[in-house]
Amino acid sequence: MSEGATQAGAPEGGAGKRVVHPRPPTPSGEPAKKQASNLALRLLTASLLIPPILWVIYQGGLYVLATVIVISVLALQEFYQLIEQKGAEPLRAQGMAAAAALPVVMYLGAESLATVLMTAVLLGMMFAQLTKNRISEALASISGTFFGVFYVGWLLAHVVVLRNFTQVVGARWPDAAAGMHPETGGFYLIFVISVVIAGDAGAYFTGRAYGRRKLAPRISPSKTVEGALGALAAGTILGLVLKAGFDYFAPEVSRPLSYVATVAIAFAMTAVGMIGDLIESLLKRDAEVKDTGTLLPGTGGVLDRIDSNLIAIPVMYYTMLAYTFLTAA
């Protein structure tokens with residue numbers, strides 16, 4: 001007799017066991033409602049975050065520095081919660097202090113000193129580990145704490161130097177900076193953040209509508225090849241729109257970037273942003289958590305929100321340094 005034909009409460013095989021019937025399937029409308037609700041929360045969170053972020057970028061200077069420090073500390077706190085899921089005990093005080101100090105060093109124009117600071121941080125963490133009672137997790141504690149400083153603190157500190165791009169170029173190649181507007185770095189920062197966000201939105205909507213083939217099923221089962229293509233298209237298109245908009249309203253700011261370079265860089269930054277998203281998904285899957293936090297409704301934690309730009313902003317900075325050097329030569 002099949003399970004579907006067995007009556008509830010009837011014995012199975014004479015053993016006196018009762019058949020446990022599966023629960024009825026979840027109505028198909030519920031997931032759609034949940035997705036719509038989550039999308040609404042994401043859009044609401046974005047609408048509340050974007051205006052102050054744009055204002056901070058426009059102001060520049062200490063406003064950007066203070067914002068980077070706050071975001072670094074919040075994101076690093078979430079990262080350390082991830083490695084605690086793996087049994088490590090991060091050196092939080094040392095890690096937080098290092099993450100807050102790195103953007104300050106960058107702001108003061110001492111990029112070369114950042115490597116000295118990172119070396120000092122690592123040595124300090126190894127010394128601090130010697131004072132702990134537990135030694136069984138020393139390797140995980142030191143490596144996890146230091147990786148968090150690098151992954152969050154060091155990478156995010158590039159926001160400061162990208163915003164101050166003209167000053168950075170002036171210190172390296174004065175001739176190249178002679179015709180560069182002081183606010184060009186602000187344009188570059190808005191450009192990369194916007195392109196990555198557009199890519200994320202393009203991946204979400206294209207993946208929902210047309211997604212069939214899995215992009216990285218072991219890391220993030222919801223991501224699809226079709227969504228990735230949609231992301232690349234959306235990011236590249238928005239990059240062109242931003243370039244055209246700045247050329248119309250503030251051409252002196254966006255002049256260093258040609259339209260050909262705009263297409264190439266927007267495409268590349270979108271791709272890098274997707275890699276950054278996958279990297280964070282890999283870390284969360286290893287820690288067996290869905291989100292790194294709950295601070296941002298619909299998005300999760302701070303680290304969930306900045307994961308793509310965490311990789312894209314440093315790549316944008318070094319790409320623009322190379323582009324400026326080559327075009328000025």
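A search of the whole structure, a predicted model, finds 14 aromatic pairs. Rings of Phe, Tyr and Trp (its six-membered ring) pair if their centres lie within 6.5 Å; planes under 30 degrees apart count as stacked, over 60 as edge-to-face and the rest as tilted. Two pairs are listed here.

| Pair | Centre to centre | Angle between planes | Type |
|---|---|---|---|
| Y248 and F249 | 4.9 Å | 85° | edge-to-face |
| Y317 and Y318 | 5.0 Å | 65° | edge-to-face |

How covered are these rings? Buried means under 20% relative accessible area, exposed over 50%, and partly exposed in between (1.4 Å probe, protein chains only). Y248 and F249 are both exposed. Y317 is buried, at 0% relative accessible area. Y318 is partly exposed, at 39%.

Y317 and Y318 also belong to an aromatic cluster, together with F165, F187, Y188, F191 and F246. Take F165 from that cluster. Contact means heavy atoms within 4.5 Å. Neighbours within four places in sequence aside, F165 is in contact with M180, G185, Y188, Y317, M320, L321 and T324.

The charged end of K243 sits over the ring of Y259, 5.3 Å from its centre. The rule asks for NZ of Lys or CZ of Arg within 6 Å of the ring centre and within 35 degrees of the ring normal.

Now the whole chain. There are 13 helices and 4 strands. Helices (H or I, at least four residues) and strands (E, at least two) are DSSP runs, numbered from the N terminus. Of the 329 residues, 43% count as buried. Among contacts with a separation of 6 or more, 68% join residues 24 or more positions apart.

How confident is the predictor? pLDDT is its confidence in each residue, from 0 to 100. The mean pLDDT of the chain is 88, and 88% of its residues reach 70 or more. Over residues 1–30 the pLDDT is below 50.

Residues are numbered from 1 along each chain as its sequence is written, and side-chain values use heavy atoms, without hydrogens and water. In this predicted model, local features need pLDDT of at least 70 and side-chain atom pairs count only at pLDDT 80 or more, while totals for chains, interfaces and linings use all residues.

Key. pLDDT = per-residue confidence, 0-100.
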